[in-house]
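Please look over the sequence and the model shown below before reading on. The report then moves from one recorded site to the overall build of the chain.

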Amino acid sequence: MLSKRLEEALNKQIRIEAESSQVYLSMASWAEVKGLEGVAGFMYGHADEERMHMLKLVKYVNERGGHAVVSDLKAPETEFGTLQKMLQKLFEHEVFVSQSINELVHITLDEKDYATHNFLQWYVAEQLEEEALARTVLDKINLIGDDKGGLYLFDRDIQQLTVES
Ligand code: OFO
């Protein structure tokens, strides 16, 4: 049985994962409109992954005798300026999610809930990968800068970069 404190913290994470999915969906749509099909595909895929992260938490909370709450979500931004700025935001968002997972892990130790601690290790590993991937694409785009040819190749190749999950 989950403690109330942990149930609330997990529900907060459910919201964060759902909002992440919306943020990435919005980035995908923005990129698609800009003609960046590869980036759009990459971000649509990422949005799906975040939804899967959310669902995994929903099922876990209910399985452990809690109630996973589906709440309203903050609307994401719809304009991102440049691809560089968008990828900077993606990276910062992943860092934020990692911090949130870390806090959650900390609470499991405080509450001596080792099953949830164990369950969350998947998220810890996933965030390591996602942060690394976001850093890689950000480094690449910063290197490319305004070079149109470089951007063309970046957009063509980005879809091959995914996180295993
Ligand atoms: Fe990349 O946020 Fe989920 O875990």
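## The recorded site

Which residues does UniProt list for "binding site" (unreviewed entry)? The record names E17, E50, H53, E94 and Q127; UniProt positions are given in the numbering used here, feature names are shortened, and annotations may be inferred rather than shown by experiment. These residues span 111 residues in sequence, yet no two of their C-alpha atoms are more than 13.1 Å apart, so they gather at one spot. UniProt also places the feature "domain: Ferritin-like diiron", again from an unreviewed entry, at residues 1-145.

Before going further, note that this is a predicted model, in which local features need pLDDT of at least 70 and side-chain atom pairs count only at pLDDT 80 or more, while totals for chains, interfaces and linings use all residues. Residues are numbered from 1 along each chain as its sequence is written.

## Two residues of the site

E50 has its place in helix α2, where helices (H or I, at least four residues) and strands (E, at least two) are DSSP runs, numbered from the N terminus. Is E50 buried or exposed? E50 counts as buried because it has 22 C-beta neighbours inside 10 Å; a residue is buried if 20 or more other C-beta atoms lie within 10 Å of its own, exposed if 12 or fewer, and partly exposed in between, with C-beta atoms placed from the backbone. H53 is also found in helix α2, and with 25 C-beta neighbours inside 10 Å, H53 counts as buried.

Leaving aside residues up to four places away in sequence, E50 touches E17, S20, S21 and Y24, a contact meaning that two C-beta atoms, placed from the backbone, lie within 7 Å. E50 and A18 are 32 residues apart in sequence, but their C-alpha atoms are 6.7 Å apart in space.

## Helices and their packing

The protein has 5 helices and 0 strands, and along the sequence they follow the pattern α-α-α-α-α. Two packed helices are described by the angle between their axes and the distance between the axes. For α1 and α3 the angle is about 170 degrees and the axes are 11 Å apart; axes are lines fitted to C-alpha atoms, for helices over the stretch in contact, and angles run from 0 to 180 degrees between N-to-C directions.

α1 and α3 are therefore roughly antiparallel to each other, a label for angles over 145 degrees, whereas those under 35 count as roughly parallel, 65 to 115 as roughly perpendicular and the rest as oblique. Where they meet, the α1 residues include L6, S20 and M27, and the α3 residues include L90, H93 and L104.

## Nonpolar cores

A nonpolar core is a set of buried Ala, Val, Leu, Ile, Met, Phe, Trp, Tyr and Cys residues joined through C-beta atoms within 7 Å. The largest has 20 residues, of which M27, A28, A31, V39 and M43 touch the most other members. Helices α1 (4-33), α2 (37-63), α3 (83-110) and α4 (114-144) each supply at least two residues of this core, and α1 gives the most, with 6 residues.

Not counting residues up to four places away in sequence, A31 touches L36, V39, A40 and M43.
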